[in-house]
Amino acid sequence: MNYRSVLTTCPYCGCGCRFFLQVVDGKLVGVQPCKSDEISQGRLCIKGYNAHAFVQNKDRLTDPLVARDGRFEKAAWGDAVEKIASELKRVREKYGPDSIQVLTSAKCTNEENYLMQKFARAVIGTNNVDHCARLCHASSVVGLASTFGSGAMTNSSLEFEDAKCVFVIGSNTLESHPLIGTRIAKAKEKGAKLIVADPRRTALAELADIHIQQRPGTDIALVNGMIHLILAKGLAKKEFIDSRTENFEAMAASVKDYTPEKVERITGVPKEKLEKAAEMYASAPASSIAYAMGITQHTTGVGNVQSLANLAMVTGNIGKPFAGVNALRGQNNVQGACDMGALPNVFSGYQPVTDPKAVEKFEAAWNVDLLDKPGLTVTDAMNAAHEGKIKAMLVFGENPMISDPDINHVREALEKLEFLAVVDIFMTETARLADVVLPASSYAEKDGTFTATDRRVQLVRKAIEPVGDSKPDWQVVSLLARAFGSKGFEHTSPREVFEEAASLTPQYAGMSYDRLENETLCWPCPDKSSKGTPILHIGKFARGKGLFIPLGHIDPAELPDEKFDLILTTGRVLFQFHTGTMTRRSPKLEREAPEPLVEINTADAASRGIKDGALVKVSSRRGEIKLKALVGDRTAQGVVFIAFHYAEAAANVLTINALDPKAKIPEFKVCAVSVARA
Amino acid sequence: MKEDAAKICRRLLDSREVDGVLGLEMVGNIPTPKVFAQADDLGRFEVEPVFPIVTLLRNIWPFTGKERIALVVRGCHELAIKELAKREIVDLKRIHMVGMACSEEQARTCRCLRPYPTKTDIGTKVKGVEDELAKSLRKMTLEERGRFWEEQFKKCNKCYGCSENCPVCVCEDCALEDCAFVRTEGIPPSKAFHIIRAYHVADKCIECGECERSCPVAIPLRSLQRMLADDIKELFGYQAGMDDRQSPVVTTLEDAPLKEESE
Amino acid sequence: MPEFEPRILAFCCNWCSYAGADLAGVSRLQMPPNIHIIRVMCSGNVKPEYVVKSLVEGVDGVLVLGCHIGDCHYISGNHRTIKRFALLERLMDDLGIDKRRIRVDWVSASEGEKFQKVVSEFVAQVKSLGPNDIRRDAA
Amino acid sequence: MEPRIGVFICHCGSNIANTVDVEEVVRYASTLPDVVHADHNMYSCSEDGVGSIKAKIKEKGIDRVVVAACTPRTHEPLFRNACEAAGINRYLFEFVNIREHCSWIHMKERELATEKAKRLVRMGVAKVALLTPQEESESPVVKSAAVIGGGVSGMTAAISLADQGFETHLIEKGSELGGLVKDLGALFPSESTPLEFVKTMRDETAASGVRIHLSSEIKDIQGYIGNFDVTISENGKEEKFKVGVVITATGADELKPVGEYGYGRYPNVITQSELEKKLAKGERVGNTVMIQCVGARQPGREYCSRICCMTAIKNAGRILALEPKSRVVVVHRDIMSYNARNEALYRKSMEDGVTYLRYTLEDKPRVEGRDRAEKITLREETLDEDIALPFDTLVLSTPLVPNPDNGKLQKMLKVPLDRDGFFLEAHVKLRPVEFATDGVFICGCARWPSDVPECISQAGAAAAKASIPLRAGKVRTEAITAEVDETTCTGCGNCIATCAYGAISIVEVEGMRVARVNLAQCKGCGACVGSCHNGSIQQRGFTEKQLISMIDCLTEGD
């Protein structure tokens with residue numbers, strides 16, 4: 001018996017739990033929690049315990065596949081890579097480099113994302129590189145950067161447990177970020193006040209002191225209402241506002257008419273509740289805001305985030321322990337993918353492509369000419385493909401056929417492409433449309449780093465050999481680059497890639513694999529002596545002074561009408577993850593949540609003659625799906641909820657491709673639907 | 001202590017009394033599970049009182065073939081191994097237990113009644129510690145107890161850590177995962193989850209407290225198990241791990257009479 | 001408000017208690033209609049998990065009826081029944097759940113009257129306890 | 001494929017229909033999932049009723065049937081046969097009892113009874129949808145038998161089996177055949193002496209070809225119907241043989257009532273069997289008092305030994321025949337002269353001059369004497385005063401008590417004993433000479449104190465029953481048995497400890513230890529299921545899923 005325990009980082013959400021993969025005779029047999037891990041402290045969620053389950057699944061892609069006459073045929077690596085390179089070159093020659101879009105993946109390591117964006121920029125010659133952060137926290141990156149100067153979670157995950165008040169808004173934390181959610185639950189047990197604002201009665205809401213059930217898409221009004229009350233009651237931290245921020249007066253003026261009565265009209269939240277919440281949040285010695293996609297996935301996503309920044313600054317809850325504005329990032333490495341510059345407008349470390357100095361720096365490092373014009377986002381790219389402006393896509397580990405809004409539109413867009421290559425571990429719904437599919441290795445088969453939601457960089461370690469003939473994405477990118485004849489992709493290990501990335505990324509400059517062997521580091525970690533920075537904006541905001549931004553309520557893009565009379569809001573369930581490629585192949589997870597359900601309020605169900613468990617049809621202007629109804633009071637009247645994991649009834653068939661103008665994030669959380677018996 | 005343990009393990013390996021030592025090795029600052037095959041590997045050997053080493057032993061046991069395995073056991077580990085051996089899930093003949101007593105402080109943290117193994121090779125035995133929470137729960141009225149657990153179970157996010165890490169929760173395919181008994185309806189799970197889990201381990205729970213330590217929301221499951229162990233003792237005169245006989249729950253009244261009729 | 005009519009489940013073993021229930025029927029012994037019998041071959045077949053599930057999901061009371069100890073058609077199936085449920089009842093008590101919603105009793109094939117008595121008493125008891133409050137969402 | 005369920009609700013004339021709104025139940029049933037046909041019959045069990053069910057099965061392509069009528073305990077086979085006749089597996093049938101368990105016990109509550117009947121039907125439909133076809137399988141039977149105990153019962157059974165041509169082993173602990181009878185003084189009312197009787201039987205036994213094992217002890221019995229391995233030690237030498245069936249005829253012993261009424265202290269206080277020996281030798285006993293129920297029908301030993309009264313009547317007659325001048329008084333609590341022949345003998349005994357007096361348990365006779373017992377004093381009920389009865393001999397009628405070896409044998413055969421220590425048959429009326437465990441039979445005093453004619457008839461019955469599998473050479477095993485999912489079983493052994501029939505054992509499959517059920521031994525009680533924590537063992541026809549589907553009918557709304 002050859003037994004090994006390999007410490008690595010969880011591939012699911014952004015909590016960043018580390019655990020031991022259990023390997024016996026070269027096979028993964030289980031997951032053992034790690035008691036010395038700071039985040040998990042020897043505890044995991046059900047996904048963590050099952051994080052080994054999908055790795056050796058029989059569905060894993062094991063060979064490169066090339067589509068011929070509508071069927072996939074096995075191909076040699078060399079041939080498949082050559083095919084991709086020649087097709088991309090052909091398209092580049094014919095339509096120019098900006099006709100090609102590269103989608104990287106928040107599932108992949110920092111090293112891989114670094115190489116992918118480098119490949120797009122330095123090899124193909126386009127800034128058209130983006131990833132699914134667009135769909136989750138683009139609003140945070142824009143919103144927090146504009147107010148604080150840095151688009152990341154301000155405090156560390158560890159601090160929730162000792163906060164005196166936690167205000168959770170638009171986050172189903174116990175399900176989507178279980179090990180952060182449980183810390184919040186423990187904080188509550190230690191005496192902290194817990195306010196949960198969510199249109200759904202989530203498990204965390206059940207534990208809350210106050211559960212605010214606002215109408216979807218009315219968050220700015222809600223937060224403005226709170227700020228209005230805080231100012232009116234004299235609970236604002238004047239000293240902090242004066243010394244650390246600017247533009248307060250404009251913001252104060254903007255909330256002036258957000259009286260509790262008006263807020264109640266917009267949000268449906270009783271004013272007593274609003275008052276209690278405002279007081280609770282403002283009077284605690286340290287109040288922490290945790291938010292997620294309930295805030296960001298709106299046409300007002302950036303505004304929503306900015307309003308939370310306003311709230312935190314008014315009460316001085318920023319730049320100190322157990323407080324902050326904490327964007328909970330949904331993917332294991334969505335923070336890292338952004339850090340590594342897998343975004344159309346920035347190089348790694350958020351160095352803008354429009355900044356000549358940054359361009360110069362990267363041109364020098366990479367020894368190529370670079371563009372200074374931002375590229376296309378995921379959402380823009382789909383539209384562009386639909387319009388015939390994007391002709392080829394190279395997709396690493398993303399599955400827009402489930403994850404993107406208005407899937408029918410996505411399908412049309414992808415079908416219009418002249419060439420689509422997908423690199424993934426499973427045959428995803430997107431891969432099925434591809435011309436070439438390359439088999440990637442999973443997290444358990446490679447080394448690298450993930451950056452957790454609280455900017456914590458942690459090692460990923462190889463536990464087993466790549467399954468089948470798959471290869472880690474970093475090697476795939478190298479192969480592609482070499483097929484283009486490009487230099488700069490000669491790394492022999494992720495360690496070497498990390499060294500290059502860290503040398504060009506100021507936040508990571510002080511990090512190295514040697515250090516990460518023994519510690520986890522929250523960026524910014526500017527030099528070797530730095531211990532990392534768990535709390536941002538202490539003493540000074542990244543942008544200097546915190547900027548208050550005046551905001552007002554704007555209706556969502558689509559509101560219920562006579563025909564489509566209910567609001568659909570989408571989200572996750574604890575047991576599944578994103579498009580389900582991994583969790584749905586983990587038997588214990590799939591068993592917990594095997595089928596899509598539409599949660600509907602008892603009254604709405606009764607008026608439509610829908611019984612619990614009955615098959616129903618949910619329709620929007622963009623399509624319809626059939627699934628079973630879960631009747632209860634988890635959602636408020638007028639609101640239905642569908643988890644988006646399920647291809648057989650993909651919620652994103654229904655969602656609207658309406659974007660926040662700045663962040664380009666789609667409004668997954670609000671669209672109008674009708675529900676009827678099927 | 002750690003050095004004493006390593007010394008004994010080194011001797012066991014050198015003398016080929018065992019083929020491997022299941023234990024922890026310091027990798028960086030993280031104690032990492034490992035099977036030490038050579039005495040020379042024991043340089044960074046580590047002992048950690050609360051590591052669920054028996055769960056690990058159980059998980060790798062089917063792969064061990066004929067290998068003889070040594071491990072450092074605390075009082076609870078020893079009893080857990082005995083319960084597993086009773087069910088022939090592990091084979092005592094191939095297991096060498098190096099007994100280690102827990103410190104007073106550890107006993108307090110664990111609310112442990114028996115913080116030492118029968119044969120203590122390392123350390124000195126200290127007195128057991130009562131579970132005050134279990135005591136106070138007993139004193140509550142039925143309604144108060146009901147409310148207490150209601151509040152606790154509300155926090156549960158169904159990670160299954162309590163059963164995943166339990167050394168004696170042995171089923172491959174757990175009944176709790178089967179929607180038949182505990183409906184898959186998201187979180188928190190119904191009370192059936194907690195009742196069935198406790199019921200299933202009741203007659204083999206050796207009160208290591210791993211269920212509670214593994215719980216991300218700190219449900220005091222240890223105290224529940226404490227109460228249940230008392231119940232079993234009262235009903236059947238039986239103590240898991242301490243008694244060599246079969247679990248009284250599965251035998252006839254002749255073999256193990258009920259001490260007290262429930263009516 | 002109409003009187004609370006509890007829903008009660010009874011597991012009856014094929015050989016004794018089910019036959020006892022049959023005899024009660026043949027003898028036209030009247031009893032409250034709250035009881036629903038599930039026939040099993042032996043009370044030893046009744047997993048405590050069934051009872052837990054029933055109560056947690058809203059059945060108001062569960063009867064488990066078998067042969068008298070010593071009379072089990074399967075020799076000693078009911079020995080297991082009595083022990084399992086003794087343990088389950090203790091566990092429920094530890095968790096603050098009213099164990100009076102469960103009753104384990106023995107009814108022989110010749111005890112139609114005892115069947116009637118057990119059912120009537122149990123229905124009355126569950127009525128006095130009121131609707132099942134074990135269910136999570138009942139709070 | 002979706003199931004196609006047919007539901008048939010029975011009026012049972014007015015028995016059901018008077019209380020339950022049958023049409024309403026039919027209407028409700030037709031709305032249930034997978035129900036393709038719902039119907040009602042005046043009498044489902046009538047030829048017409050069964051005929052129409054069969055016809056509907058074919059017409060509507062029904063593949064599962066629910067009948068809601070009376071009790072499955074009487075009518076299930078009928079409808080199963082109907083299903084089979086109509087071409088569907090007989091186990092795809094579920095019986096819902098809405099008569100005994102509904103209409104007859106809620107006669108004044110039509111509305112609630114109808115609602116209940118609907119729920120019961122719903123439960124039945126939920127279960128039937130999940131049923132799977134079952135087959136009864138066969139296992140071979142070794143054509144030989146073992147009879148344990150060489151008394152009258154054992155010899156009779158052995159002769160009967162041997163005469164039918166089956167190899168038969170008769171195993172006797174003592175050095176000669178004959179059991180209790182060989183020590184009797186007389187057989188009553190037979191003319192032949194016990195010795196003659198026993199000799200005849202011994203000769204017959206030998207002649208029939210029975211293999212007689214004397215001075216033999218059972219060391220071990222393992223196996224199940226058709227395939228038992230018996231190990232005996234015959235005169236200290238071990239012998240093994242295979243048999244298909246086992247008949248238990250281990251008999252019983254007379255209680256020696258030491259300490260009661262001066263027994264053991266006075267030489268003239270003796271038991272009935274001691275009396276028989278004296279009478280056989282022609283000894284005179286003089287005036288005699290017999291006390292019945294000594295050591296029986298009292299706390300600690302509550303049963304009636306049944307045969308002692310007739311023994312007393314017999315021996316009283318014999319005393320009078322030998323010594324017409326002697327006075328014989330029988331002091332009793334009740335005379336157990338069951339059946340007409342015995343009743344006539346009792347009457348005749350009274351006519352012959354035997355006096356019968358009653359005593360009560362609360363007021364037992366008292367014995368007085370010095371070197372010998374001289375008289376008893378008892379409260380005469382009708383006179384309501386104490387009377388003294390002097391005697392020469394005091395005879396105590398004591399019960400037969402179980403063979404002390406029963407406990408050992410019970411464990412080997414996996415059969416039960418009753419609380420008194422006698423073997424317990426499967427059913428007192430329906431299966432009086434069989435055990436719940438197939439292939440093991442019982443006769444004579446091993447079950448219950450019996451007189452010679454009873455022993456002979458029971459032995460004949462046991463042999464007849466035992467010959468059924470022997471003649472067939474095979475047995476059909478239960479269809480409703482337990483089965484193990486070996487992919488999920490952890491081999492924890494709970495089920496093994498729980499099984500009363502020893503039907504489950506651990507086997508190794510691909511290096512993993514898992515439980516396996518021997519279908520020939522499994523009786524289908526499902527107790528093992530109750531002990532399995534992860535549902536790896538399931539009972540066919542009563543699986544977790546099936547039972548839970550029924551529970552769900554009660555937890556979900558109507």
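Domain bounds, as used in these legends, come from an automatic or database domain assignment. The model is predicted: local features need pLDDT of at least 70, side-chain atom pairs count only at pLDDT 80 or more, and totals for chains, interfaces and linings use all residues. Residues are numbered from 1 along each chain as its sequence is written, while chains are lettered from A and ligands numbered from 1 in the order in which they are written.

**Figure 1. The two domains of chain B.** Domain 1 of chain B covers 2-110 and domain 2 covers 132-250. Between the C-alpha centres of domain 1 of chain B and domain 2 of chain B the distance is 26 Å. Two residues are in contact if their C-beta atoms, placed from the backbone, lie within 7 Å. Domain 1 of chain B has 13 residues in contact with 15 residues of domain 2 of chain B. On the domain 1 side, helix 2 (53-60) and helix 3 (75-86) of chain B are the elements that give two or more residues. Helices (H or I, at least four residues) and strands (E, at least two) are DSSP runs, numbered from the N terminus. Helix 3 of chain B gives the most to this side, with six residues. By class, this side of domain 1 has nine nonpolar, one polar and three charged residues. Here Ala, Val, Leu, Ile, Met, Phe, Trp, Tyr, Cys and Pro count as nonpolar, Asp, Glu, Lys and Arg as charged, and the others, Gly among them, as polar.

**Figure 2. Chain B against chain C.** In this contact, 31 residues of chain B meet 26 residues of chain C. Helix 6 (142-154), helix 8 (191-202) and helix 10 (221-236) of chain B each give two or more residues to the chain B side. Helix 6 of chain B gives the most, with eight residues. The chain B side has 21 nonpolar, four polar and six charged residues.

Figure 3. B:Ala192 lies in helix 8 of chain B. B:Ala192 counts as buried because 22 C-beta neighbours lie inside 10 Å. A residue is buried if 20 or more other C-beta atoms lie within 10 Å of its own, exposed if 12 or fewer, and partly exposed in between, with C-beta atoms placed from the backbone. Not counting residues up to four places away in sequence, B:Ala192 touches B:Phe181, B:Val182, C:Val52, C:Lys53 and C:Val56. B:Val182 is ten residues from B:Ala192 in sequence, and the two are 5.8 Å apart in space, C-alpha to C-alpha. B:Pro188 lies in the loop between helix 7 (161-164) and helix 8 of chain B. The peptide bond from B:Ile187 to B:Pro188 is cis, with omega near -10 degrees.

**Figure 4. Two crossing helices in chain A.** The axes of helix 5 (residues 138-147) and helix 15 (residues 301-314) of chain A come within 8 Å and cross at roughly 45 degrees. Axes are lines fitted to C-alpha atoms, for helices over the stretch in contact, and angles run from 0 to 180 degrees between N-to-C directions. Helix 5 of chain A and helix 15 of chain A are therefore oblique to each other; angles under 35 degrees count as roughly parallel, over 145 as roughly antiparallel, 65 to 115 as roughly perpendicular and the rest as oblique. The crossing of the two helices is right-handed, that is, the near helix is turned clockwise from the far one by less than a right angle. Residues making the contact include A:Ser139, A:Val142 and A:Leu144 of helix 5 and A:Val302, A:Gln306 and A:Ala309 of helix 15 of chain A. By class, the contact has five nonpolar, eight polar and no charged residues.

**Figure 5. Two loops in chain A.** A:Asp69 lies in the loop between strand 4 (65-68) and strand 5 (71-74) of chain A. Phi of A:Asp69 is near 50 degrees, a positive value in a residue other than glycine. A:Asp69 is exposed, with 5 other C-beta atoms within 10 Å. A:Pro524 lies in the loop between strand 21 (521-522) and strand 22 (546-547) of chain A. The peptide bond from A:Trp523 to A:Pro524 is cis, with omega near 5 degrees.

**Figure 6. Chain D and its contact with chain C.** Chain D has 15 helices and 28 strands. Of its 558 residues, 50% count as buried. The contact takes 39 residues from chain D and 38 residues from chain C. The chain D side divides into 20 nonpolar, ten polar and nine charged residues.
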